[in-house]
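This report looks at charged side-chain pairs in a protein model. The sequence and the structure come first, and the text follows.

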Amino acid sequence: MKRVKLLWLLCFTLISMQSWANTDIRPVYLRTEYKVNPFVEESSPRLSWELRASGFNQSQQAYRILVASSIANLNKHIGDLWDSEKVESNATNQVSYQGKALQPGQKVYWKVKVWNAKNEEGLWSTINSWELAKPTKSEWTAEWIGKDLNHLAPKGEYHLPPSPYLRKEVKVTKPVKSARLYISSLGLHNFYINGEKIGKDYFGSGWTEYNKRVYYNVYDVSKNLQQGNNAFGAILSSGWYSGYLAYALLVGTPQVDRFYGNFPLLKAQVDVEYADGTKEVFYTDKTWKTGVGAVIESDFLQGETHDARKDPKGWNKVGFDDNQWSAVEVVADKSDRALEMYPSNPVRVVKELPIKSIKKIADGKYMIDFGQNFAGNIRLKHKAKAGEKLVFRFGEMLHIDGKLVTENLRRARAIDTYIFRGDAQAEVWSPSFTFHGFQFVEVSGLKEEPKADFLTGLALSSDLETAGTFKTDNDMLNQLYSNIVWTQLANYIDIPTDCPQRDERIGWTGDAQVYMRSATFNNDVAPFHKKWIKDLNDSQWENGAYPVYAPIPKNDKGLAAIRPSDTYSPGWSEAGIICTYEIFKGYNDHRIVEESLPYMTKFMAFLKSKAPQGAMVEGIWEDATPKGGFGDWLSVGQKTSPDLVANTYYYYCTKLMAEMTRAIGKDQLADAYTKDLELIRAGFKKHYMDENGKLKIDEKVYGNGDGYVEGQNGFSGHTQTAYANAIYSGILDGEDAIKAGQFLRDLVQSNGDKLTTGFLGFKPLLPALSKTGSVDKAYKLILSEEYPSLGYEVVNGATSIWERWDSFTKDKGFVHNAAMNSFSHYAFGSVNEWMFQNLLGISATANGYSEIQIKPEISSGINEASGSYHSISGKISSSWKKTGNKIVQHIEIPVNVKATCYFPTANASKVSINGKSLNSLSYVSNVKEGAEQVTAELGSGKYEVVINN
């Protein structure tokens, strides 16, 4: 009987669903401003979704969005805030909210449904939400508070004052309906309510140009408050605001810390709505009290010291006696400083690593190996007597004799210390206000050999959704991909840093721009770069140039405060255009173009001033420091003319600007950039190309190379880097591009199929070879295990990407100046772009991957490869395998995406899809035969393709 009732219920459900849905197409993964159920600050946030549907060639013809003030309304299909009604459009992302104006603190709920290509109505999505935060500073009641403890810093090599502890007790008089913590800091903070730390985030509120902009975060603390007395507490640290930055100590800058302010500050408030509808706000002001505690030293570069004996027991709980604590200092805000919602995802622990090995190296001293180079901290779990101390030193590598490599840390102390309280149980501790780049930890002070769970590695990174997968039948290449991923995680910590270990950790623009597209294939980097591109715009120089790193603190003379000679450089400054473009292209983000346009046009005018006749001639960049800029940083052998490379970047940026301005309706501006393209191309060919198409330079201008980066090696225009950039940028076309491809091939071949490129040359090298018909040479380079190559790093034990091609060898150790020897530097990981776009064959032909091509390049050395990319339009998969005289491909295309697929055969009859001949399938269109390949258009679905050769 129960079975009969169940069948009737199932039939009734199916009939009910069919009455309002004629197809199974359904929106999934709803996001607002790239995030799921977020707090946002935009009055018109952008909504996005992906689609699921069975079958083939499914697409969206129209959508309807409902936004409501309650879930109950949405369940009744009532959009009391916005009912878009049926909109004829295939857009699934960057759809702006067009409803009623929302109030600060208002939470809204939304859902969406779509119609397929046959105009059949689909299923409603699940319900998601967003909540408006505080769009204006006037919504804030809280004041900036803190305490200057600089006088308590012990005298010594480093100036390291203790962290201020802040507290306040408040009374909640009624049952709480909801409560939100809005919190910002100039510096870093941990915030507590009734003894519990709020959030799992590290290093909020991030690094910004603090004089122009500071960010806040929001947390739902409804369940943290209790009726009656409540205790708020916070610990502050210097962070980027008032701590040590970069290499100021190393280069002898008079100011080495406190670049933005003298001590950290906190601004926080808890907005409470009671069950009866009344509201109350608790906030930081002069009534808070401050003291000191267990965090006696903390600094990003120098490390953290925690004396657990000095922890004021119960300081962040109700009832603590704070009579001996002093009043906080209230600091006036800068009237012109923006206070905005943090746009990126927070830094969090993204992976925990167990100890791989423990080795005793002296009495009380052990070497811990985590087996992976990463950025982050350790979590200690250990029992010891009160006053006993453990000292932790961090390093990426070991010398051949087993000693920890610390030379490459330069003036970063990178030491953590824990002094035990003497608890009966094992004490658990992890630093909060520092991080390190390391694989190895040297521990001093142990009384006996530690247990295997004595330490846990905590890998920190901005918590971005994983986007890519990649695997082949080549173990070295698989390890290389792992190295790329780990290096990105280690350097995507609030800003895109060059390295996480030494006294640097700054957002070098050259590194960022060459790696940008590679980054998108590994993670959803849109929120991360939405934040950093603002940093970049805020840091723009008055002359229009973008700086060589961002944020970049400036002194009272308007110069770079860390090192006054840090200004701009060709190949670096272009990050302002290139990074913006990659977000525009990869995520269909027009708003970032509109917001960045004033800065980008100012930069393009700066570039144009360097090339009044179309070409940037030799010597035009001598005003940069170093002379000519950084050029093809860390290339091998003869240097490429930095001015020639600057021309290719000028052309490339102009091309990107023409596309971006056209997309946002700035046609007049787009026409001007399009016109400039031909002038730049003509000037480049006239000045840098001989009658045979060979690239040349006026070598006399460079003399003996004094003042230029690695200028002693001499300069040339006939280099791998020069041709790779010329081909990649598109500045050479037609027959000129063909000749450049041949010159590039010859240079690679004459060098024993080895590269000679640095940062600026390696990114375009393999794509340029592929584009000009030398896929075989690209494969030789990616699979090489000889110096110089990424494979050389892998066979020498690398678990991350190195700064130098030959940073270390197993037989010789460290062959370069250790101070400039980072083992976690993502720039050369820019080959990831080729791995996804060429080896797997996944690339976008329209914004946001709404149209794509699947065109894997199959050559000798690898027999199978597979991978996927989760784009903003959905997951795209591509794999191929050689089996005898066949090639088998597996392709997955998301709903609402069209793909042009390339099959390596000249005869369509040799291609079958899902077991049937290519030309017999109704869901395949535009089949074309070429001299070397067959192309066909496929819509959504999963396909097994067999090519018989």
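Is R379 buried, partly exposed or exposed? In this predicted model, R379 is partly exposed, with a relative accessible area of 29%. The side chain of R379 meets that of E352 in a salt bridge, at 3.1 Å from N to O. E352 lies in strand 25 (residues 347-353) and R379 in strand 27 (residues 365-382), so the pair ties together parts that are 27 residues apart in sequence. E352 is also partly exposed, at 44% relative accessible area.

The structure holds 58 salt bridges in total.

| Pair | Distance, N to O |
|---|---|
| E352 and R379 | 3.1 Å |
| E710 and K639 | 2.8 Å |
| K763 and E833 | 2.7 Å |

A salt bridge joins E710 to K639. Because E710 sits in the loop between helix 11 (667-688) and strand 37 (715-716) while K639 belongs to strand 36 (residues 639-640), this pair ties together parts 71 residues apart in sequence. E710 counts as partly exposed at 23% relative accessibility, whereas K639 counts as buried at 2%.

K763 is in helix 14 (residues 759-771) and E833 in helix 17 (residues 832-839), so parts 70 residues apart in sequence are tied together. K763 is buried, with a relative accessible area of 7%, and E833 is buried at 1%.

Salt bridges also occur as a network, which links E33, E42, R46, K530, D589 and R591.

Technical notes
Residues numbered from 1 in each chain as written. Predicted model: local features only at pLDDT ≥ 70, side-chain atom pairs only at ≥ 80, totals over all residues. Heavy atoms only, no water. Salt bridge = Lys/Arg side-chain N within 4 Å of Asp/Glu carboxyl O. Helix = DSSP H or I, 4+ residues; strand = E, 2+ residues; numbered from the N terminus. Buried < 20%, exposed > 50% of the residue type's maximum accessible area, 1.4 Å probe, protein only.
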